[in-house]
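The following paragraphs walk through one protein model, from the whole chain down to single side chains. Please keep the sequence and the coordinates open while reading.

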Amino acid sequence: MSEAALHLLVVDDHREIRDALHDYLTRNGYRVTAAADAGAARQTLAVTPFDLVVLDIMMPGEDGLALCRWIRDRVGVPVIFLTAMAEPTDRIVGLEIGADDYLVKPFEPRELLARIRAVLRRVHTLPPRGRLEAKRLHFERWTLDLAQREMSGPDGSVALSAAEFELLCAFLRYPDTVLSRDQLLELVHGSEARAFDRRIDIQVSRLRRKIETDPANPRIIKTHWGGGYALVGPVKSET
């Protein structure tokens, strides 16, 4: 998909920021629509398909966090937050409710452009996202309790680190699908992922030691040389 075909929505209550981003992103090949508040954004999103939303958090009336929740529930397009909040915990809240990335004001437009391209690249290269709406998932001889974040097998419970849990969830969303290291990094670590990051290889190795009968000859998580990894076999949901 060419950048010229991609449509971005910029939502910010500061007119100078809206106009500057509109002009800059348009010059870089995107179609851009701007909205001054959450209400205008909702009306636009209801009638026009977009590929990504650039969303300010601090706006009068309905803030960006509430609008992001609505976008996730109703529209499902990726969101990049613009935030003046410097505390890491404040930014984490945005990521937890569904933002794909964030940028702290003031920022360089070139950095926003790079973040937009990275998010769109990840979104368009991932297969359609599977949804984990069940209470428990069964694969091979294992059961993963999503609410309790616990895995159990014939010999009892097995502790998972937070990263191992997220990695296993990523595999279970896409069974029998080869996921590249970059895709797994995005699914597990989101905006914290960095190019050439090798954490995924280490985390796959650790996860294999917990779920494979013979980690040296894995049957559940297969390596695809030059491609990535895939969880092999059916995944059954229990609601």
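A residue counts as buried here when its relative accessible area is under 20%. The model is a predicted one. By that cut-off, 44% of the 239 residues in the protein chain are buried. The chain holds eight helices and twelve strands. Of the contacts in the protein chain with a separation of 6 or more, 58% are between residues 24 or more positions apart.

Strand 1, residues 7-11, pairs with strand 2, residues 31-35, in the parallel sense, and five bridges connect them. Val10 has Ala34 in strand 2 as its bridge partner. With helix 1, residues 15-27, the two strands form a β-α-β unit that is right-handed.

Next comes helix 6, which spans residues 162-173 and contains Glu164. Is Glu164 buried or exposed? Its relative accessible area is 5%, so Glu164 is buried. A polar atom of the Glu164 side chain lies 2.9 Å from the backbone nitrogen of Ser161. Apart from neighbours within four places in sequence, Glu164 is in contact with Ala159, Arg206, Leu207 and Lys210.

Helix 8 covers residues 199-211. Its 13 residues, at 1.5 Å a residue, should span 18 Å, and the end C-alpha atoms are 18 Å apart, so the two values agree. Which residues of helix 8 are buried? They are Ile200, Asp201, Gln203, Val204, Leu207, Arg208 and Ile211. These residues lie on the same side of helix 8, because the arc they cover around the axis is only 165°. An α-helix has 3.6 residues a turn, so residues three or four places apart point the same way. Leu207, one of the buried residues of helix 8, is also among the contacts of Glu164.

The loop between helix 8 and strand 10 (221-224) contains Glu212. Glu212 has a relative accessibility of 6% and therefore counts as buried. Where does the side chain of Glu212 reach a backbone nitrogen? The backbone nitrogen is that of Ile221, at 2.9 Å. Ile221 is also in contact with Glu212 in the list that leaves aside neighbours within four places in sequence, as are Pro218, Arg219 and Ile220.

Notes:
Residues are numbered from 1 along each chain as its sequence is written. This is a predicted model: local features need pLDDT of at least 70, side-chain atom pairs count only at pLDDT 80 or more; totals for chains, interfaces and linings use all residues. Side-chain values use heavy atoms; hydrogens and water are left out. Two strands pair if DSSP finds at least two bridges between them. Helices (H or I, at least four residues) and strands (E, at least two) are DSSP runs, numbered from the N terminus. A crossover is right-handed if, with the strands pointing away from the viewer, the path from the first strand over the helix to the second runs clockwise. Buried means under 20% relative accessible area, exposed over 50%, partly exposed in between (1.4 Å probe, protein chains only). A polar contact is a pair of N or O atoms within 3.5 Å; within protein, one must be able to donate a hydrogen and the other to accept it, and residues adjacent in sequence count only if both atoms are side-chain atoms. Contact means heavy atoms within 4.5 Å. The expected span of a helix is 1.5 Å times one less than its number of residues. The arc is that of the directions from the helix axis to the C-beta atoms.
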